[in-house]
Amino acid sequence: MTYQEKKSIVSLISAILIFVSYSLYMYPQHPGGGLESTETFRYWGSFVLILTLVSIVAHIIISIIFNIVFRITTKEKEPKFADELDKLIDLKANRNSFFVFIIGFLLAMGSLVIYQPSQVMFIILIISGFLSDVTGSVTKLYHYRRGV
């Protein structure tokens with residue numbers, strides 16, 4: 001297995017673990033008030049912002065740990081350059097990831113049009129962000145394994 005494949009697998013697993021653990025941590029803190037209360041908007045706003053920050057910091061830390069473990073176990077350094085194949089795979093992964101997020105965004109806005117509670121919009125946005133991250137990692141893994 002190549003460095004890029006291992007990195008994609010680690011990224012996929014870390015995205016799932018970060019999202020699930022943070023969601024389980026935040027779920028008990030959900031306010032029990034009305035559907036459109038100020039506390040509800042504050043809860044979902046903080047959920048999204050803190051999840052974004054936690055995810056970025058955790059991905060950086062996991063990437064550093066992965067590179068250290070990779071270097072220790074294989075006695076190789078990570079590749080310092082990206083060739084044409086790496087760039088093409090990154091572009092395809094970003095395209096698929098953005099496509100999933102845009103579909104989720106449109107569904108979230110559509111939920112408001114059909115008079116769903118604002119909580120539904122936030123949940124759809126959060127899930128589409130998570131699925132977008134997973135889609136990017138899976139696309140990279142697929143193209144590194146199967147080719148472009």
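Predicted model: local features only at pLDDT ≥ 70, side-chain atom pairs only at ≥ 80, totals over all residues.
## Overall picture

A residue is called buried when its relative accessible area is under 20%, exposed when it is over 50%, and partly exposed in between (1.4 Å probe, protein chains only). Residues are numbered from 1 along each chain as its sequence is written, and side-chain values use heavy atoms, with hydrogens and water left out.

The secondary structure is quick to describe: four helices and zero strands, in the order α-α-α-α along the sequence. Helices (H or I, at least four residues) and strands (E, at least two) are DSSP runs, numbered from the N terminus. Taken along the principal axes, the C-alpha atoms fill a box of roughly 55 × 30 × 20 Å. The accessible surface comes to about 9700 Å², and 71% of that belongs to carbon and sulfur atoms; such areas come from the Shrake-Rupley method with a 1.4 Å probe, and for residues only the protein chains shown count as cover.

A contact here means heavy atoms within 4.5 Å. Among contacts between residues at least 6 apart in sequence, 76% join residues at least 24 apart.

## Helix α1

Start with α1, residues 3–26. The expected span of a helix is 1.5 Å times one less than its number of residues. For the 24 residues of α1 that gives 34 Å, and the end C-alpha atoms are 34 Å apart, so the two agree.

The buried residues of α1 include Y3, Q4, E5, S8, L12, Y22 and M26. Among the elements that cover the buried residues of α1 are α2, α3 and α4.

## The nonpolar core

Now for the inside. A nonpolar core is a set of buried Ala, Val, Leu, Ile, Met, Phe, Trp, Tyr and Cys residues joined through side-chain atoms within 4.5 Å. The largest one has 14 residues, and W44, F47, L51 and I126 have the most contacts inside it. Helices α1, α2 (38–74) and α4 each supply at least two of its residues. The largest share, five residues, comes from α4.

Which residues does F47 touch, leaving aside its neighbours within four places in sequence? They are Y22, S23, M26 and I126.

Helix α3 runs over residues 84–113 and includes F101. Its 30 residues should span 44 Å, and its end C-alpha atoms sit 43 Å apart, which agrees. After α3 comes Y115, with a positive phi near 65°.

The buried residues of α3 are D86, I89, A93, S97, G104, A108 and S111, and their cover includes α1 and α4. F101, by contrast, is partly exposed at 32% relative accessibility. F101 also belongs to a nonpolar surface patch of about 670 Å², together with F99, I102, I103, F105, L106 and L107. Patches take in residues with over 30% relative accessible area and no salt bridge; like charges are joined within 9 Å, and nonpolar side chains (Val, Leu, Ile, Met, Phe, Trp, Tyr) within 5 Å.

Over in α4 (residues 118–146) you'll find S132. This serine is buried, at 8% relative accessibility. Not counting residues up to four places away in sequence, S132 touches S97, F98, V100 and F101.

## Salt bridges

Side chains of opposite charge can pair when their charged atoms come close. The rule for a salt bridge is a side-chain nitrogen of Lys or Arg within 4 Å of a carboxyl oxygen of Asp or Glu, and the count comes to two.

One pairs E5 with R145, with the closest N and O atoms 3.6 Å apart. E5 is in α1 and R145 in α4, so this pair ties together parts that are 140 residues apart in sequence. E5 is buried at 5% relative accessible area, while R145 is exposed at 53%.

The other pairs D90 with K140, with the closest N and O atoms 3.4 Å apart.
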